[in-house]
Amino acid sequence: MNQPIAADPSARLPRQIPYIIGNEACERFSFYGMRNILVQFLVSSVILAYVPEAERQSVAKDVFHSFVIGVYFFPLLGGWLSDRYFGKYNTVLWFSLIYCAGHACLALFEGHRTGFYTGLFLIALGSGGIKPLVVSFCGDQFTTANKHLAKIVFDAFYWTINFGSFFASLLMPLFLRNFGPAVAFGIPGILMFIATLIFWLGRKQYVRVPPTRGEDPHSFFNVARTALTSRVAGQGRPGLLVAASGAALAVFMLACWATGPAFWPEGFHFVITACLALGALIAFGGIGVSMQLERARGAHPDAAVDGVRAVLRILIVFALTTPFWSLFDQKASTWVIQGKAMAVPHDSWWWPSWLVKEAGQMQALNPLLIMLLIPFNNLLLYPALRRMGYDPTPLRRMGWGIAFAGIAWVLAGLIQLEIDGGAQASLALQTWPYLLLTFGEVLVSATALEFAYSQATASMKGVIMAFWYLTSTFGSLWVLLTNVAVRNEAVTARIAATGYSENAFLMFFFAVFAFVAALAFAAYARTYPMQDNYRAA
């Protein structure tokens with residue numbers, strides 16, 4: 001039996017890491033720079049001129065969350081291409097060029113609907129394609145000898161993401177206001193070109209783990225296929241039946257979208273339908289494989305079968321975090337719209353009126369607080385909790401993070417009640433929901449970067465990271481489904497009967513959604529067996 005290689009206390013960070021970190025800082029500026037002004041731009045732009053003014057905010061939210069769904073769906077494609085054909089480096093570089101083209105479309109076609117939506121599609125494709133790979137590519141630069149430094153880098157990686165996001169969130173609303181959309185969307189495009197250049201400059205120093213090219217006979221998908229198709233004398237194949245039912249359900253939903261039968265909800269457009277179909281494939285397929293997984297033993301090594309079991313457990317963890325993302329991503333849509341109805345406290349001596357002039361700039365609080373909270377948690381909070389006898393394990397941190405997001409939305413709902421009551425609510429009040437939501441994000445997302453990489457087997461690191469990012473797709477799916485529901489007259493009548501406005505009701509609804517998810521996450525986390533799948537030296 002091979003003994004694990006001990007960590008080398010004298011090990012240094014790989015010298016290629018700064019190229020990856022620099023690339024990520026510029027790329028995140030470009031992404032958040034356009035993302036955080038998207039709703040503001042759409043509400044007042046000619047892009048939505050065909051929509052009645054009273055409905056523009058709702059349609060802008062739909063466009064935004066459909067874009068987010070694309071951003072977090074395409075990691076599946078990037079992860080698959082990387083693992084099977086091109087490797088992480090080539091896939092990141094090529095998708096980055098697509099990403100740059102998308103930014104160019106936004107800057108050139110800010111008044112042309114087809115051109116602008118083409119730009120959003122290309123950015124979703126490019127950003128999503130590289131999203132699962134940069135983090136895992138960073139992890140590939142480490143071995144078991146220096147893996148103790150990986151956590152520092154993953155935290156620095158996440159800190160750098162928010163360094164870029166902070167300046168983008170703070171400055172781009174001002175550029176949109178003062179110089180127009182061509183400049184506001186053009187600057188992120190320039191930063192994305194710089195990000196691509198930085199990544200290319202480090203090409204000779206990277207450790208490049210070769211793609212599997214589908215040649216691993218004991219890969220996740222090969223083991224899963226064996227489990228589903230194997231026959232056992234005297235037994236049926238119930239797992240295969242469950243998996244096939246998921247596939248049939250997916251095809252049925254897509255057929256309903258295409259043909260539009262009377263019973264199919266009118267608001268279930270292609271994006272919603274495709275996400276529901278994908279969810280059916282993953283859920284039923286995972287259950288089916290789990291039911292028959294032991295049949296793969298003998299045809300595949302025990303380690304491979306156990307690895308598939310571990311991946312299925314990881315997917316359950318991921319699924320339970322999707323409600324968090326339904327709350328988190330609405331800070332760039334629902335919270336921005338709420339902020340537009342609040343008063344900017346320019347008369348207060350402590351308010352930086354020379355800089356913060358727009359409600360959309362409040363989003364800069366999120367990355368600023370992250371840059372403060374990550375070192376606070378690592379240097380003060382977590383050590384203090386350990387001294388008190390409470391170990392803040394990754395899964396515990398993630399569960400608490402979901403709960404804190406729920407508390408943030410309770411506060412946002414209370415602010416909305418004040419607005420609905422006719423009070424002149426100060427924009428500064430949004431600081432508290434942002435603080436709690438950001439604390440939750442640090443506990444969930446920063447932790448998940450480390451968790452996802454460490455739990456995945458070598459042949460599945462790119463794909464499992466893609467599944468992690470897919471949680472944001474389903475988070476935005478919950479938002480779109482809710483938006484469809486509140487357009488139903490029966491639902492709006494029930495909301496009105498509560499005495500709350502639609503906005504306030506939905507804020508409290510999402511808060512409860514998060515609390516229920518946090519309880520379910522905590523219950524499952526108690527039985528989850530942690531893995532250690534770093535590359536050997």
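Let me begin with Trp80, which counts as partly exposed because its relative accessible area is 40%, a value between the 20% under which a residue is called buried and the 50% over which it is called exposed. Please keep in mind that what we are looking at is a predicted model. Trp80 is found in helix H3, which covers residues 75-108, and it belongs to a nonpolar patch on the surface, where Leu77, Trp80, Tyr85, Phe86, Trp94 and Leu97 together have about 590 Å² of accessible area.

Now let us turn to charged side chains. In general, side chains of opposite charge can pair when their charged atoms come close. How many salt bridges does a search of the whole structure find? The search finds twelve, and I will go through a few of them.

In helix H1, residues 17-44, Arg28 and Glu24 lie four residues apart, which is about one turn of the helix, and their side chains meet in a salt bridge with an N to O distance of 3.9 Å. Both Arg28 and Glu24 are buried.

The side chains of Asp306 and Arg297 also form a salt bridge, at 2.7 Å from N to O. Here Asp306 is partly exposed, with 41% relative accessibility, and Arg297 is partly exposed as well, with a relative accessible area of 29%.

Another salt bridge joins Asp391 and Arg386, at 3.7 Å from N to O, where Asp391 is partly exposed at 38% and Arg386 is partly exposed at 44%. Finally, there is one network, made by salt bridges that share partners, and its members are Glu294, Arg297, Asp302, Asp306 and Arg309.

Definitions and conventions. Residues numbered from 1 in each chain as written. Predicted model: local features only at pLDDT ≥ 70, side-chain atom pairs only at ≥ 80, totals over all residues. Heavy atoms only, no water. Patch = residues over 30% accessible without salt bridge, like charges linked within 9 Å, V, L, I, M, F, W, Y side chains within 5 Å. Areas by Shrake-Rupley, 256 points an atom, 1.4 Å probe, with all protein chains shown as cover. Salt bridge = Lys/Arg side-chain N within 4 Å of Asp/Glu carboxyl O. Helix = DSSP H or I, 4+ residues; strand = E, 2+ residues; numbered from the N terminus. Buried < 20%, exposed > 50% of the residue type's maximum accessible area, 1.4 Å probe, protein only.
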